[in-house]
Amino acid sequence: MLSRIAQTLSQLREQSLYRRRQIVYGPQGPELEVGGRRLLAFSSNDYLGLANHPRVIQAFHDGAVRYGVGSGASQLITGHTAAHHALEEELAAFFDRPRVLVFSTGYMANLGVMSALAKRGDRIVQDRLNHASLLDAARLSGARLKRFAHRDMDALTRCIEDEHIGSTLLATDAVFSMDGDRAPLKPMADLANRHGFSMMVDDAHGIGVLGQTGRGSLEAEALAIEDVPILVGTLGKSFGTFGAFVAGCDDLIEHLIQSARSFIYTTAPPSAIAEASRESLKLIKDETWRRDHLNTLITAFRTGAGQLDLPLLVSDTAIQPLLLGTPNRALMMQDALLKQGLLVNAIRPPSVPEGQSRLRITLSAAHSEQQVEQLLAALERAFRGLACDAAH
């Protein structure tokens with residue numbers, strides 16, 4: 001087994017697919033200290049710039065003083081504090097859902113939902129480019145997993161046409177984490193309702209930034225709980241904290257409390273995190289300028305990239321993928337930007353399909369318009385250098 005591991009690692013290096021962790025010193029923000037250098041970063045999911053907000057930090061501090069650091073037990077023993085309960089009630093009110101259940105991570109939330117709802121003989125239908133947590137959750141549930149071509153409603157319709165005895169769960173990301181595009185939620189919900197399926201939406205990258213009030217993709221598409229009964233969200237992106245939640249009807253949440261193994265058999269998140277998330281929720285509701293500024297930056301970046309004829313994928317979200325094809329080209333672009341003082345991570349298989357390696361550029365409300373201009377200028381120089389290398 002160890003010999004096989006060594007061979008696998010060697011192959012990853014040869015194929016430009018080996019991954020390395022970067023050590024970041026200090027808080028998240030537009031500029032990060034990495035390896036002794038101060039870099040302008042476009043790689044974080046801190047879309048609203050709340051991860052280092054003074055009010056969020058203070059709420060975390062106050063929560064730690066009141067509750068201590070560790071929660072000490074699972075939520076069904078003694079780990080569920082007043083802070084967790086208040087966060088769940090405030091999230092439920094914000095998303096206009098009867099109840100919310102907080103999980104430690106988005107991965108665990110998706111595992112919990114699918115393992116509790118789907119059984120052998122059931123069917124889970126998913127977009128081919130769904131996040132790994134959704135796909136893994138379906139496989140571990142024991143249900144039959146069927147995948148359809150990305151955002152293709154005809155393919156989805158064909159996928160569900162075969163006869164099936166058990167229940168069907170239709171699950172999708174709302175905003176796709178590597179492409180930045182959006183699922184066609186309205187026609188998907190209509191299809192699910194016509195066939196009597198349940199629909200589950202993971203809006204990890206939409207909550208906080210999409211919709212008039214930041215309620216996410218469902219608000220943007222005017223979809224209610226009757227259309228999408230299961231909503232999964234994360235606190236580790238726009239909220240700038242940590243953890244995740246599932247929002248739905250009372251019976252759904254009660255069933256998850258009784259049956260979701262990734263909820264039952266794990267230590268509760270620290271109460272200080274819950275308090276910090278409550279403060280983030282206030283900022284998301286009150287500081288609407290953050291969404292406005294982020295949308296201004298997205299427009300400015302896409303306009304500038306279009307003028308430079310950069311190979312951007314179609315996306316109107318904070319995730320702006322620059323398609324480069326091969327892992328080696330993606331790494332060369334990453335290194336070219338690094339030499340100019342910019343941190344933008346190369347994304348390669350298996351995170352994306354073969355032939356679709358890219359730079360995953362992410363924008364934040366904490367960025368300035370001048371920083372976006374700096375990014376565009378650096379990309380132009382890097383592409384010019386890449387073209388020269390190819391010519392030689």
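The largest pocket of this predicted model holds about 850 Å³ of space. Its lining is made up of 34 residues, and those closest to the centre are His 131, Ala 132, Ser 177, Met 178 and His 205. By residue type, the lining of the largest pocket divides into 13 nonpolar, 15 polar and six charged residues.

The second largest pocket has about 650 Å³ of space. It is lined by 19 residues; Arg 19, Arg 20, Asn 345, Ala 346 and Arg 348 are the closest to its centre. At least two lining residues come from each of α1 (2-14), α13 (327-339) and β13 (346-347). The lining of the second largest pocket consists of seven nonpolar, six polar and six charged residues.

Rolling a probe the size of a water molecule over the atoms shows where empty space is left. In this structure there are four cavities of 30 Å³ or more, and the largest cavity has about 90 Å³ of space. Around the largest cavity lie 13 lining residues, with Gly 29, Pro 30, Ser 44, Ser 364 and His 367 nearest its centre. The lining of this cavity divides into four nonpolar residues, eight polar residues and one charged residue.

Is strand β11 mostly covered or mostly uncovered? Strand β11, which spans residues 319-325, is mostly covered, with six of its seven residues buried. In a regular strand the side chains alternate between the two faces of the sheet.

Finally, the chain can be taken as a whole. It has 14 helices and 14 strands. What share of the 392 residues in the chain is buried? Buried residues account for 52% of them, where buried means under 20% relative accessible area. Contacts can also be sorted by how far apart in sequence the two residues are. Among contacts between residues at least 6 apart in sequence, 70% join residues at least 24 apart.

The overall dimensions complete the picture. Taken along the principal axes, the C-alpha atoms of the chain fill a box of roughly 65 × 55 × 50 Å. For a chain of 392 residues, a compact globule would have a radius of gyration near 21 Å. The chain has a radius of gyration of 21 Å, which agrees with that value.

Key: Residues are numbered from 1 along each chain as its sequence is written. This is a predicted model: local features need pLDDT of at least 70, side-chain atom pairs count only at pLDDT 80 or more; totals for chains, interfaces and linings use all residues. Side-chain values use heavy atoms; hydrogens and water are left out. On a 1 Å grid over the protein atoms alone, a cavity is a set of points where a 1.4 Å probe fits but cannot get out, and a pocket is an open set with protein on both sides within 12 Å along at least five of seven lines; lining residues have an atom within 4 Å of a point. Grid points are joined across faces, edges and corners, and a volume is the space filled by probe spheres set on the points. Ala, Val, Leu, Ile, Met, Phe, Trp, Tyr, Cys and Pro count as nonpolar, Asp, Glu, Lys and Arg as charged, and the others, Gly among them, as polar. Helices (H or I, at least four residues) and strands (E, at least two) are DSSP runs, numbered from the N terminus. Buried means under 20% relative accessible area, exposed over 50%, partly exposed in between (1.4 Å probe, protein chains only). The radius of gyration is taken over C-alpha atoms; the globule rule is 2.2 Å times the number of residues to the power 0.38. Contact means heavy atoms within 4.5 Å.
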